[in-house]
Amino acid sequence: MNIVIDTSAIIAVILGEPERNSIIEITTGATLIAPESVYWEIGNAFSAMFKKKKADLEKTKIALSIFEKIPIKYIKEIELDKSLEISYQANIYCYDAYLLRRCLKYHAPLITLDKKLIQIAKSISVKVLEV
């Protein structure tokens, strides 16, 4: 089974947040897929933590070594036209629309901790795996 995973779920796993074990349990045995943008979003999430003084470089390097071990199949094709339609209709950034488009195209559920994204996913008939 394919599961589309977003940045919030990945960060929760690599930083050992309370949802970590549930996410691992739910995704064990599944193929994790994501648009390539999720890889870039991980870097952006850590740079935001640097700005807020919530992370330092050494701890981030450890977290990245954990991240690199997570088997995620990155999908290059983003179908920009269809993703932009989702972005427009849902009034969301295209980065989130890329995730939802992957869910729709691959008939895959989404795992995320982003409450707004959960609501939007459900509104367009994307199954969400609740954590």
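In which loop is N91 found? N91 is found in the loop between helix 5 (80–90) and helix 6 (94–106), where helices are DSSP runs of H or I with at least four residues and strands are runs of E with at least two, numbered from the N terminus.

## Basis of the model

This is a predicted model, in which local features need pLDDT of at least 70 and side-chain atom pairs count only at pLDDT 80 or more, while totals for chains, interfaces and linings use all residues. Residues are numbered from 1 along each chain as its sequence is written, and side-chain values use heavy atoms, with hydrogens and water left out.

## Overall architecture

The chain contains seven helices and four strands, which follow one another along the sequence in the pattern β-α-α-β-α-α-β-α-α-β-α. Its radius of gyration is 14 Å, close to the 14 Å that the globule rule gives for 131 residues, so the chain is as compact as a globular protein of that length; the radius is taken over C-alpha atoms, and the rule is 2.2 Å times the number of residues to the power 0.38.

Of the 131 residues, 43% are buried, where buried means under 20% relative accessible area, exposed over 50% and partly exposed in between, with a 1.4 Å probe and protein chains only. Among contacts with a separation of 6 or more, 63% join residues 24 or more positions apart, a contact being heavy atoms within 4.5 Å.

H107, which is not a glycine either, has a positive phi of about 50°; H107 lies in the loop between helix 6 and strand 4 (110–111) and is exposed at 73% relative accessibility.

## An aromatic cluster

A search of the whole structure finds three aromatic pairs, where rings of Phe, Tyr and Trp (its six-membered ring) pair if their centres lie within 6.5 Å, and planes under 30 degrees apart count as stacked, over 60 as edge-to-face and the rest as tilted. One of these is the tilted pair of Y39 and F67, with 5.6 Å centre to centre and 40° between the planes; this pair links Y39 in helix 3 (residues 37–51) with F67 in helix 4 (residues 57–67), 28 residues apart.

Y39 also forms an edge-to-face pair with Y74, at 5.8 Å centre to centre and 85° between the planes, and this pair links helix 3 with strand 3 (residues 72–75) across 35 residues. Y39, F67 and Y74 thus belong to one aromatic cluster, in which F67 is buried at 4% relative accessible area, whereas Y39 is partly exposed at 39% and Y74 is partly exposed at 27%.
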